[in-house]
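This report goes through a structure by its helix packing, its loops and the surroundings of its ligand. Please keep the sequence and the model at hand while reading.

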Amino acid sequence: MQPESIEPFFATLAKANPHPQSELQYSSVFELLAAVLLSAQATDVGVNKATRQLFALAPTPHKMLALGQDRLTELVRTIGLFRTKARNLLATCRILIEQHGGQVPRSRAALEALPGVGRKTANVVLNVAFGEPTMAVDTHVFRISNRTGLAPGRNPLQVEERLLQRVPAHYAVDAHHWLILHGRYVCLARAPRCAACAVRTWCDEGRAWAAKSAAGATAAPTMKPGTKQVNNDGEAG
Ligand code: SF4
């Protein structure tokens, strides 16, 4: 993607959705942290289904810890990797209580020291809860960054670093939300909807699609050779 295309690319996404939000449901920073921790390799819809009851019973680290391993495991058993996630969530609650006065810390180092919290989860919490211009690279952000040429990279960290370099400051706080939502509803993994895509003009693959389309071939773009798909937490590669 040419540097001059980045501004109109984001301006178009921003115009369509001026206040993008996470689709995870939460009502406190602790619930956000718990929901993101539970969301690795799971859909937001599936996580929301489980956390509705979980957060009603345990909206704080103390109450979550009081549930105990067996009860918590039962409550999140519909979410992938639920046993490990339940164990990590309880261990995280213990640290929040013992080291952070029951609050979610605002520092990246302290967040990443929590069990089950990796770079992507820390980026989401820093961005959504604290308004910091971080770039959480999940499978959607990774795919779109490569397809569009906005921030090509072979792994989530490379993509994150390029996004931090290339996204204009005035779009930085909302950028990862726009990219996630665009990936979820338009730039789909297997069949991107280039024909209906509002940012096609500035997208590398979109322009290639348009040229092929004009020539009579309408094959959808695929991942470029050398890039690999990442799972939904964007951290395991
Ligand atoms: S033009 Fe196609 S490949 Fe580019 S962002 Fe839109 S849907 Fe994705």
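This is a predicted model: local features need pLDDT of at least 70, side-chain atom pairs count only at pLDDT 80 or more; totals for chains, interfaces and linings use all residues.

In which hand, left-handed or right-handed, does helix 2 pass helix 3? The crossing is right-handed.

## Helix 2 and helix 3

Helix 2 covers residues 29–38 and helix 3 covers residues 44–57. Their axes come within 10 Å and cross at roughly 140°. That angle makes helix 2 oblique to helix 3, because angles over 145 degrees are the ones counted as roughly antiparallel. On the helix 2 side the meeting residues are E31, A35 and L38; on the helix 3 side they are V47, T51 and F55. By class, this contact of helix 2 with helix 3 holds four nonpolar residues, one polar and one charged.

## Burial of helix 2

How many of the ten residues of helix 2 are buried? Nine are, so helix 2 is largely enclosed by the rest of the structure. The buried residues are F30, E31, L32, L33, A34, A35, V36, L37 and L38. A residue is called buried if 20 or more other C-beta atoms lie within 10 Å of its own.

The buried residues of helix 2 pack against helix 3, helix 4, helix 5 and helix 7. E31 is one of the buried residues, and E31 also takes part in the contact with helix 3.

## Helix 4 and helix 5

Helix 4 (61–75) and helix 5 (82–100) pack at an angle of about 155°, with their axes 9 Å apart. The two helices are therefore roughly antiparallel to each other. Helix 4 passes helix 5 in a left-handed crossing.

From helix 4 the contact takes P61, H62, M64, L65, Q69, L72 and T73. From helix 5 it takes F82, R83, A86, R87, L89, L90, C93, R94, L96 and I97. Sorted by class, the residues of the contact of helix 4 with helix 5 are eleven nonpolar, three polar and three charged.

## Two loop residues with positive phi

Most residues other than glycine have a negative phi. Q41 has a phi near 55°, a positive value, and is not a glycine. Q41 lies in the loop between helix 2 and helix 3. With 15 C-beta neighbours inside 10 Å, Q41 counts as partly exposed.

L81 is not a glycine either, and its phi is positive at about 55°. L81 sits in the loop between helix 4 and helix 5. L81 counts as partly exposed because it has 15 C-beta neighbours inside 10 Å, a count between the limits for exposed (12 or fewer) and buried (20 or more).

## P133

Where is P133 placed? P133 is in the loop between helix 7 (119–128) and helix 8. P133 has 17 other C-beta atoms within 10 Å, so it is partly exposed.

Leaving out residues up to four places away in sequence, P133 touches A172 and V173. P133 and A175 are 42 residues apart in sequence, and their C-alpha atoms are 8.5 Å apart in space.

## Around the ligand

Which residues come nearest to the ligand? Of the 16 residues around the ligand, these are C187, C194, C197, C203 and G206. Helix 8 (139–148) and helix 11 (204–214) each supply at least two residues of the shell. By class, the shell around the ligand has ten nonpolar residues, two polar and four charged.

How values were computed: Residues are numbered from 1 along each chain as its sequence is written. A residue is near a molecule or strand if its C-beta atom, placed from the backbone, lies within 6 Å of it. Helices (H or I, at least four residues) and strands (E, at least two) are DSSP runs, numbered from the N terminus. Ala, Val, Leu, Ile, Met, Phe, Trp, Tyr, Cys and Pro count as nonpolar, Asp, Glu, Lys and Arg as charged, and the others, Gly among them, as polar. Axes are lines fitted to C-alpha atoms, for helices over the stretch in contact, and angles run from 0 to 180 degrees between N-to-C directions. Angles under 35 degrees count as roughly parallel, over 145 as roughly antiparallel, 65 to 115 as roughly perpendicular and the rest as oblique. A crossing is left-handed if the near helix is turned anticlockwise from the far one by less than a right angle, and right-handed if clockwise. Two residues are in contact if their C-beta atoms, placed from the backbone, lie within 7 Å.
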